[in-house]
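I opened my notebook to look up charged pairs and helix packing. My entries follow.

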Amino acid sequence: MTWFNKQSRLVQILLLLIPVVNWITEIVVRWSTLFKKFSLVRLLICIIVTFGGLFVGWIDLIWVLLFKKLCLQ
C-alpha cells in the first residue's frame, strides 16, 4: 500500500486506467495491506477485489482522482 501511495498521482492513475494492470495492482495493494493490518473488512475487500477486481479498479480510479487514495483504504 505504501508503494502505491508513494507514486505520483499520474502513475497511480495510469496503473488504475489499464484494465488488467489495475486488477493486478488492486490485488497486490489490497493483499499486502491485509497482511500488515488484518481485519475482517479488509479480508472481505481482498476477496471481492480478487474476483471482481476490474470493476473495483474503475471505482478506485475515480476515487484516486477525487480523494488521492484508494477506496476503503
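I count a salt bridge when a side-chain nitrogen of Lys or Arg lies within 4 Å of a carboxyl oxygen of Asp or Glu. The model is predicted: local features need pLDDT of at least 70, side-chain atom pairs count only at pLDDT 80 or more, and totals for chains, interfaces and linings use all residues. Residues are numbered from 1 along each chain as its sequence is written, and side-chain values use heavy atoms, without hydrogens and water.

**Salt bridges.** I searched the whole structure and found two salt bridges. Glutamate 26 pairs with arginine 30, the closest N and O atoms being 3.3 Å apart.

I then looked up aspartate 60, which meets arginine 30 at 2.8 Å, N to O. Aspartate 60 lies in helix α4 and arginine 30 in helix α3, so this pair ties together parts 30 residues apart in sequence.

**Burial.** Buried means under 20% relative accessible area, with a 1.4 Å probe and protein chains only. Aspartate 60 has 1% relative accessibility, so I list it as buried. Arginine 30 is buried at 8%. Glutamate 26 is buried too.

**Packing.** I checked α3 against α4: the angle is about 150°, and the axes are 8 Å apart. Axes are lines fitted to C-alpha atoms over the stretch in contact, and angles run from 0 to 180 degrees between N-to-C directions. The two helices are therefore roughly antiparallel (over 145 degrees).

Methods:
Helix = DSSP H or I, 4+ residues; strand = E, 2+ residues; numbered from the N terminus. Parallel < 35°, antiparallel > 145°, perpendicular 65-115°, else oblique. Buried < 20%, exposed > 50% of the residue type's maximum accessible area, 1.4 Å probe, protein only.
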